[in-house]
Each structure stands twice: as C-alpha cells, then as structure tokens.
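Try each task yourself before you read the solution.

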Amino acid sequence: MIVIIPDVLTVDEQSQLRLLASQSNFVDGKETAGFRAKMVKNNEQVAKDAANKRQLQEIVVAALNRSKDFRRGAIPFRIRPPLISRYRPGMTYGPHIDDALMGSATSRDRTDVSCTVFINDASEYEGGELVIHSPFGVQEVKLPARYAVIYPSGTLHEVAEVTKGERLVAVTWIQSYVRDERHRQFLSDALEVRDKLHTIDPKMVEADTASRLYTNLLRMWAET
Ligand SMILES: O=C(O)CCC(=O)C(=O)O
Ligand SMILES: [Fe+2]
C-alpha cells in the first residue's frame with residue numbers, strides 16, 4: 001500500500017526546516033547506507049553531529065505523529081530519527097532495499113514502512129522522482145512541498161537523478177504495530193467503512209460492527 005499524505009507539515013514547519021537545513025553541514029549520504037545501498041547512494045545528508053539535527057528531526061516526527069492519515073497507514077510503534085537528505089544536480093539513489101533492522105546494537109527497530117517527507121516543492125527541481133517498484137508495477141512519486149508518502153519497506157525503490165535544482169526531503173522508517181502490509185490495508189479499509197457509517201448515522205448498529213471488526217483485528221495483529 002502506497003499512501004500519499006497531503007499537508008503533513010504546516011507552512012511554518014516547512015519554513016523552519018528549510019532555514020535549519022540551510023544552516024546545517026551536509027555530508028556524503030553513504031555514511032548511513034547499508035551493504036549494497038552504499039554502491040548506489042549518491043546524495044548528501046545533514047551530518048550526524050550537526051547542531052541543528054535534533055531540532056530538524058523533532059519537527060518531522062511531531063508532524064508525522066499528528067497526521068491521522070499517517071497513523072492509519074503506518075500504525076506506528078516507533079519512528080526512526082529522520083535523515084534530512086539533499087539531492088543536487090547529478091545526484092541519485094539507485095535501486096535498493098532499505099535495511100530490515102536499523103539502530104544501534106542495543107536498540108534496533110524493524111523497518112516495516114518507509115517514509116519520505118517533501119520539504120521543498122517539486123517545481124524547484126527536475127528529475128528526482130521516487131520510483132517504487134511495487135508488485136503491481138512501477139510508481140513514480142514526486143510531490144508538492146509538505147506532502148509525505150509511505151510505502152512498505154520491503155519494496156525495491158530508487159530516486160531518479162536530479163538534473164536541475166535541489167531536492168530536499170526527510171526520510172524515515174517506521175516499526176509498525178502491524179508488521180504485515182496486508183493486515184495494515186485491511187485495518188485501513190475497516191476504519192474507512194466505520195467512519196463512513198458513523199457519518200451517515202452515528203447510531204447505526206453496523207457502525208459498531210465495523211468498529212468491533214477494526215478493534216479486534218488490531219488486537220489480533222498488533223505486536224510490540
Ligand atoms: O529520498 C527519498 O525519497 C528516498 C530515499 C531512500 O530511498 C533512502 O534514503 O533509503
Ligand atoms: Fe531507501
């Protein structure tokens with residue numbers, strides 16, 4: 001399930017992120033790439049020890065946590081500290097699979113959902129599409145500023161070369177309460193039905209049935 005989420009960042013958060021990023025030291029993105037991804041990763045990201053890094057990460061995580069669509073799609077248990085990545089002309093991130101486990105040896109998270117938050121606007125660069133190779137074909141994602149996309153971490157994906165301008169994004173990974181993407185889809189469907197029935201008539205008994213379905217499926221599948 002690939003979910004596009006509009007307006008994850010407020011206008012104010014977006015300008016704060018841009019300002020903080022412009023004051024930050026960027027380094028070669030290979031530093032944080034896994035075994036094979038290193039070979040194809042050619043971008044830059046805010047340095048590990050950059051003074052602004054924590055603040056950038058906090059803004060992105062708070063925005064994601066606030067978004068109802070994000071919570072529905074990802075059912076987040078833990079969100080990894082985001083990377084702030086920049087692609088300038090000639091930069092690209094070739095086809096790769098994100099690492100299954102991320103973090104230090106003493107505290108690793110499983111990555112179930114990958115997420116890109118678009119800090120600047122698609123009109124500010126050429127190229128730079130996030131290309132997701134899903135089982136149903138290839139999907140190219142290039143979104144307006146403040147939008148986000150989430151997709152299953154098990155999918156091969158790449159970032160096409162930026163040929164003009166600059167692409168600025170935050171990238172993060174989520175360990176979901178529900179590890180199986182099909183189960184997350186079923187839960188999202190059940191919620192959609194529950195909400196629709198509730199809107200039609202809050203007293204409708206089928207709204208309770210849909211609610212019971214959602215809640216008990218979540219109880220059955222949730223793991224911590
Ligand atoms: O920049 C993006 O949209 C995704 C980058 C990516 O695939 C990664 O950092 O693992
Ligand atoms: Fe990736």
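**Exercise 1. Among contacts in the chain between residues at least 6 apart in sequence, find what share joins residues at least 24 apart. Then decide how the radius of gyration fits a compact globule.**

Keep in mind that this is a predicted model.

Step 1. Take the contacts between residues at least 6 apart in sequence: 76% of them join residues at least 24 apart.

Step 2. Turn to the radius of gyration. For 224 residues, a compact globule would come out near 17 Å, and the chain has 18 Å, so the two agree.

Step 3. Along the principal axes, the C-alpha atoms fill a box of roughly 55 × 35 × 35 Å.

Step 4. Look at burial and secondary structure. Of the 224 residues, 31% are buried, and the chain has 6 helices and 17 strands.

**Exercise 2. Describe how the domain assignment divides the chain.**

Step 1. Read off the bounds: domain 1 covers 3-176 and domain 2 covers 181-221.

Step 2. Find the distance between them. Their C-alpha centres are 30 Å apart.

Step 3. Look at where they touch: 5 residues of domain 1 are in contact with 5 residues of domain 2. On the domain 1 side, these are 2 nonpolar, 2 polar and 1 charged.

**Exercise 3. Work out the order of the strands in the 5-strand open sheet, and name its edges.**

Step 1. Write the order: β3-β7-β15-β12-β13, with antiparallel pairing.

Step 2. Pick out the strands that pair on one side only. These edge strands are β3 (41-42) and β13 (137-141).

Step 3. Zoom in on one pair. Strand β7 (residues 92-96) joins β15 through 2 bridges, in the antiparallel sense. Here tyrosine 93 stands opposite valine 159 of β15.

**Exercise 4. Decide whether strand β6 is mostly covered or open, and find its partners.**

Step 1. Check burial: 5 of the 5 residues of β6 (residues 83-87) are buried, which makes the strand mostly covered.

Step 2. Sort the side chains by direction. Leu83, Ser85 and Tyr87 point one way, while Ile84 and Arg86 point the other way.

Step 3. Find the partners. β4 (residues 44-46) pairs with β6 over 2 bridges, antiparallel, and glutamine 45 is opposite serine 85. β17 also pairs with β6 in the antiparallel sense, over 5 bridges; there, arginine 167 is the bridge partner of tyrosine 87.

**Exercise 5. List what surrounds ligand 1, and sort the residues by class.**

Step 1. Name the shell: Ser85, Tyr93, Asp98, Thr116, Leu130, His157, Val159, Val169 and Val171.

Step 2. Ask which elements give two or more residues. They are β15 (156-159) and β17 (167-176).

Step 3. Count by class: 5 nonpolar, 3 polar and 1 charged.

Methods
Residues are numbered from 1 along each chain as its sequence is written. Chains are lettered from A and ligands numbered from 1 in the order in which they are written. This is a predicted model: local features need pLDDT of at least 70, side-chain atom pairs count only at pLDDT 80 or more; totals for chains, interfaces and linings use all residues. A residue is near a molecule or strand if its C-beta atom, placed from the backbone, lies within 6 Å of it. Helices (H or I, at least four residues) and strands (E, at least two) are DSSP runs, numbered from the N terminus. Ala, Val, Leu, Ile, Met, Phe, Trp, Tyr, Cys and Pro count as nonpolar, Asp, Glu, Lys and Arg as charged, and the others, Gly among them, as polar. Two strands pair if DSSP finds at least two bridges between them. Domain bounds come from an automatic or database domain assignment. Two residues are in contact if their C-beta atoms, placed from the backbone, lie within 7 Å. The radius of gyration is taken over C-alpha atoms; the globule rule is 2.2 Å times the number of residues to the power 0.38. A residue is buried if 20 or more other C-beta atoms lie within 10 Å of its own, exposed if 12 or fewer, and partly exposed in between; C-beta atoms are placed from the backbone.
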